[in-house]
Amino acid sequence: MASEHPLISCESCGSVYRRQELSQGEQATCGRCGTVLWRYSGLQPSGWLALALAALIIFVIANAYPVAIMQVQGMVQAASLPDAVMVTWQQGHEVVAIMTGLAGLLLPLLQLVLLVWVLYPLSVGSRPPAFTFATRLLGMLEPWSMVPVFVLGVLVAVVKLAGMASVTPGIGMAGFAALTVLLTMLGRLTPKSLWHYAERAGLVEAHMPHAGADRALAGCHVCGQVQALPVADAEHAHHCVRCHSPVHLRKPDHLARTWALLIAAAILYIPANVLPVMNIDSLLGDSAHTILGGVIELWQTGSWDIALIVFVASVMVPMTKLLALGVLAWQVQRGSGYSLVQRTRLYGMVEFIGQWSMLDVFVVILLAALAQFQGLMTISAGPGAGAFGMVVILTMLAAMSFDPRRGWDRARRGRGKAPAVGPTPPQAVQVTGSASRGPAVDHAIQEQKE
């Protein structure tokens, strides 16, 4: 049965709402945990397609030209991102080359190609081929596309080398800066947004579920379709009634997976900081640099602002992720119902900062590609770079495995007001913005003026 006002589920606390069309400047937030559910967008699929095509063209230009050019005693060395990945591979650091090549090159390219694949048919009023597979893959790729981190890595690398040689940004740097802006804009186009555009065009239908006493409402993480699932086995895999993707009422074994990934990341965090992430072979001798050693070196050379950025991204962020996820998992495990809104915001912050720890790894591969002057100076990645990259990946996977809805479920059960997971009726949704509106169908919308 199609619905004029389809339901939407909050991924942070599990609350269910009726989706309303917003006006310019408005956004809908969860009235329970404060998570932003959706925002107004004035762009139609044709506008998003133009942005995706522009990003794809700039992506090709950015990788075809060097991001930095280094001059030492009349010798010139230019490096692009593909050059940096290739040099790192040739130096025998295959794991680092694979991680950076995927995060900075292949996965962003695949993301843009998939967006064009989906948006072109939507812009002409037809359903895209393999729509479910494409949108599901887009949702999986989004956290691992790290072009903005690479751009910051280029800046850090240029500052690091400025004291040893003449280093200037290349055309590729401008391309990556523009690409970062476009990818940030395209980041608002989630798989659920694409399915919503298909709904508005009449290409797919949103169905109204019927929840009973033994069933609860949950949203599909691919298409957003809210459906009624049995409460008896909340972690059992079902299939979405619309896109047939796997759907769980709650993430299976989320605490066990989160703890396992966190412990593995904490173990690797020790060699990541003790072992050198970069080795320098020059006429003055060989030297090895750890992450903290690089921060101290930047500070001593007067680049305190860049040193602060590297310290936050490479030291504070990984420690914050490990500690924050550990606290969140422990609070859910003990069934604590305190500070749930603050814990939800903390989890959102952990997800947001997850990829920025890859900064030092991008810096190392770029330095290795630029400082290739045989007999004068050679820079290569150290064993700490691979360990540090694995820490970033494991902490991101730990954040993806954790289910913040379990905290709200257990707190509700602890107060004796509802079972751990129970029937979830649609609620009112808060709309924040400047436009005024009347009551929604079946449910009043609470207005909050900014």
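Which element gives the most to the lining of the largest cavity? Helix 7 does, with 3 residues. The points below take up that helix and its surroundings; they concern a predicted model.

1. The protein chain holds 14 helices and 18 strands. Of its 450 residues, 53% count as buried. Residues 24 or more positions apart account for 67% of the contacts in the chain that have a separation of 6 or more. The accessible surface comes to about 19900 Å², and carbon and sulfur atoms hold 62% of that area.

2. The largest cavity. The count of cavities of 30 Å³ or more comes to 4, and the largest of them contains about 140 Å³ of space. Its lining is made up of 15 residues, and those nearest the centre are L7, E199, C223, G224 and R242. Strand 1 and helix 7 are the elements that give two or more residues to this lining. By residue class, the lining divides into 7 nonpolar, 4 polar and 4 charged residues.

3. Burial of helix 7. Helix 7 is largely enclosed by the rest of the structure, because 8 of its 10 residues are buried. The buried residues are P191, S193, L194, W195, H196, Y197, A198 and E199. They pack against three other helices: helix 1 (45-64), helix 3 (94-123) and helix 4 (131-141). Just after helix 7, G202 takes a positive phi of about 75 degrees.

4. The view from helix 4. The buried residues of helix 4 pack in turn against helix 3 and helix 7. The buried positions in helix 4 are F131, T132, A134, T135, L137, L138 and L141. As background to such patterns, an α-helix has 3.6 residues a turn, so residues three or four places apart point the same way.

5. Salt bridge between E199 and R242. What joins the side chains of E199 and R242? They meet in a salt bridge, at 2.7 Å from N to O. This pair links distant parts of the chain, since E199 belongs to helix 7 and R242 to the loop between strand 10 (238-239) and strand 11 (246-247), 43 residues apart. Both residues are buried. Both are also among the residues that lie nearest the centre of the largest cavity.

6. Salt bridge between R250 and D409. The side chains of R250 and D409 meet in a further salt bridge, at 2.6 Å from N to O. R250 is in the loop between strand 11 and helix 8 (254-274), whereas D409 is in helix 14 (residues 405-414); the two are 159 residues apart, and the pair links distant parts of the chain. R250 is buried, with a relative accessible area of 5%, and D409 likewise counts as buried, at 1%.

7. H207 is found in the loop between helix 7 and strand 8 (215-219). At 29% relative accessibility, H207 counts as partly exposed. H207 and P6 are 201 residues apart in sequence, yet 7.1 Å separates their C-alpha atoms in space.

8. H244 has a positive phi of about 65 degrees although it is not a glycine. H244 lies in the loop between strand 10 and strand 11, the loop that also contains R242. H244 is exposed, with a relative accessible area of 57%. S339, likewise not a glycine, has a positive phi of about 50 degrees. S339 is in the loop between helix 10 (304-333) and helix 11 (340-353), and at 45% relative accessibility S339 counts as partly exposed.

Note on methods: Residues numbered from 1 in each chain as written. Predicted model: local features only at pLDDT ≥ 70, side-chain atom pairs only at ≥ 80, totals over all residues. Heavy atoms only, no water. Salt bridge = Lys/Arg side-chain N within 4 Å of Asp/Glu carboxyl O. Helix = DSSP H or I, 4+ residues; strand = E, 2+ residues; numbered from the N terminus. Buried < 20%, exposed > 50% of the residue type's maximum accessible area, 1.4 Å probe, protein only. 1 Å grid on protein atoms, 1.4 Å probe; cavity = no way out; pocket = protein on both sides within 12 Å on 5 of 7 lines; lining within 4 Å. Points joined across faces, edges and corners; volume = space filled by probe spheres on them. Nonpolar A, V, L, I, M, F, W, Y, C, P; charged D, E, K, R; others polar. Contact = heavy atoms within 4.5 Å. Areas by Shrake-Rupley, 256 points an atom, 1.4 Å probe, with all protein chains shown as cover.
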